[in-house]
Amino acid sequence: MQQQSWDDLQPYIRFITAKRVVWLILIVIGVAAAATSFYTVEADEEGVVLRFGEYVRSVPPGLHFKAPFGIEQATGVAVRKVSKEEFGFRTLRAGVRTQYDARDYPEESLLLSGDLNIADVEWVVQYRIDEPRKFLFEIRSANQALRDLSEAVMSIVVGDRTVTEVLTVGREEIAMDVKQALQQLLDLYNAGLHIENVTLQDINPPEAVKSAFNEVNEAKQEKERLINEALRDYNESVPKAKGLALQQISEAEGYALKRVNEATGDADRFNSIRKEYQGAKDVTRRRLYLETMSEILPKVKEIYIIDDESNSPIPILQLGQ
């Protein structure tokens, strides 16, 4: 009897067990679907969603939903992070005391200038990912393309200038030209990168000619010093000489004006006397004679009066003694 009862219960037990298994499978599938459906894009990233490997959409930072079980895959691309590529040197550890690799990279840094000299140029290119879709799918290796294009552009820009410009006054202009030309090429190749800055680090002549180049620079500096000293002496002496010349000219002009005015006054006085003389010749002659004698006689020590008839001096009391 008990065996028959157990046999009768077996179909119900199998049904309940199968039902539990189905529910368990459904729960597992639901959990797996939920686990593979939601994803998070970080604040400094932009999400790129692929469906069976094909680009579907881009999503901003935050929590998002996608098709589960690998139908859609999401990749976060750091679009706000600024990266850098170094040329001619390598940084081993950045910090307060940055450590650099002791090795040289002449295949990157030795460039030919426009006057057929060689310059050892080290530079840094700072960039960020501007368009994640292009960065991931339009070009095979965007970073390697950036390095190759940077070396090519720097070679062209340095080749358009003399080595003196490269080593001295042309650094900022070179960096700006490289940045513009490099950005144009990256846009042409749809690399999805934006150049933030190009910085020239150390620019030196090759070691084999560094001593000779330093001597040339010292000679140029000495030349500039002598030129500056000559200009300083010129600026001190020439204005002083010009000022002295203007002073002497002004004095001469003043003296000439004075003499002209005096002569004009004398002529006017003579003309006025002549006019008076023409009006009364005898009176004017007598007045002039008396005025002249009044000026002369006080200065004379002895006075003699000659009488025309006696032809002998007339004695005068010597009051002056």
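A salt bridge is a side-chain nitrogen of Lys or Arg within 4 Å of a carboxyl oxygen of Asp or Glu. By this criterion, the structure, which is a predicted model, holds 16 salt bridges. Side chains of opposite charge can pair when their charged atoms come close.

The chain has 321 residues, of which 22% count as buried. Its secondary structure comes to eight helices and 13 strands. Among contacts between residues at least 6 apart in sequence, 63% join residues at least 24 apart.

The pairing of the strands was examined next. Strand β1, residues 38-41, pairs with strand β4, residues 62-65, in the antiparallel sense over four bridges. In this pairing, Tyr39 stands opposite His64 of β4. In a regular strand the side chains alternate between the two faces of the sheet. In β1, Tyr39 and Val41 form a covered face, whereas Phe38 and Thr40 form an uncovered one.

Strand β2, residues 45-51, is mostly covered, with five of its seven residues buried. Two partners were found for β2. Strand β5, residues 72-78, is joined to β2 by seven bridges, and the two strands run antiparallel; here Leu50 stands opposite Gln73 in β5. Strand β3, residues 54-59, also pairs with β2 in the antiparallel sense, over five bridges, and Val48 is found opposite Ser58 in β3. The hairpin of β2 and β3 has two residues between the strands, and in this hairpin Phe52 takes a positive phi near 55°.

A search of the whole structure finds four aromatic pairs. One of them, formed by Phe87 and Trp123, is stacked, with 4.6 Å centre to centre and 5° between the planes. Phe87 lies in strand β6, residues 83-87, and Trp123 in strand β10, residues 118-129, so the pair ties together parts that are 36 residues apart in sequence. Both Phe87 and Trp123 are buried. Phe89 and Tyr100 form an edge-to-face pair, with 5.9 Å centre to centre and 65° between the planes. Phe89 lies in the loop between β6 and β7, and Tyr100 in strand β8, so this pair ties together parts that are 11 residues apart in sequence. Phe89 has a relative accessibility of 8% and therefore counts as buried, whereas Tyr100 is partly exposed, with a relative accessible area of 46%.

Arg147 lies in helix α4, residues 142-159, and counts as buried because its relative accessibility is 12%, under the 20% limit. Not counting residues up to four places away in sequence, Arg147 touches Glu85, Glu86, Phe87, Arg90 and Glu108. A network of salt bridges links Arg147 with Glu85, Arg90 and Glu108.

Arg161 forms a salt bridge with Glu173, the closest N and O atoms being 3.2 Å apart. This pair links distant parts of the chain, since Arg161 is in the loop between α4 and α5 and Glu173 is in helix α6, 12 residues apart. Arg161 is buried, with a relative accessible area of 11%. In the pair of Glu262 and Arg259, the closest N and O atoms are 3.9 Å apart. Both residues lie in helix α7, residues 210-279, and are three residues apart, about one turn of the helix. Glu262 is partly exposed at 37% relative accessibility, and Arg259 is partly exposed at 43%. Arg232 and Asp233 also form a salt bridge, with 3.5 Å between the closest N and O atoms.

Ile203, in strand β11, residues 193-204, is buried, with a relative accessible area of 9%. Leaving aside neighbours within four places in sequence, Ile203 is in contact with Asp120, Val121, Val166, Leu167 and Arg171. Leu110, which is found in strand β9, residues 110-112, is partly exposed, with a relative accessible area of 41%.

Technical notes:
Residues are numbered from 1 along each chain as its sequence is written. This is a predicted model: local features need pLDDT of at least 70, side-chain atom pairs count only at pLDDT 80 or more; totals for chains, interfaces and linings use all residues. Side-chain values use heavy atoms; hydrogens and water are left out. Buried means under 20% relative accessible area, exposed over 50%, partly exposed in between (1.4 Å probe, protein chains only). Two strands pair if DSSP finds at least two bridges between them. Contact means heavy atoms within 4.5 Å. Rings of Phe, Tyr and Trp (its six-membered ring) pair if their centres lie within 6.5 Å; planes under 30 degrees apart count as stacked, over 60 as edge-to-face and the rest as tilted.
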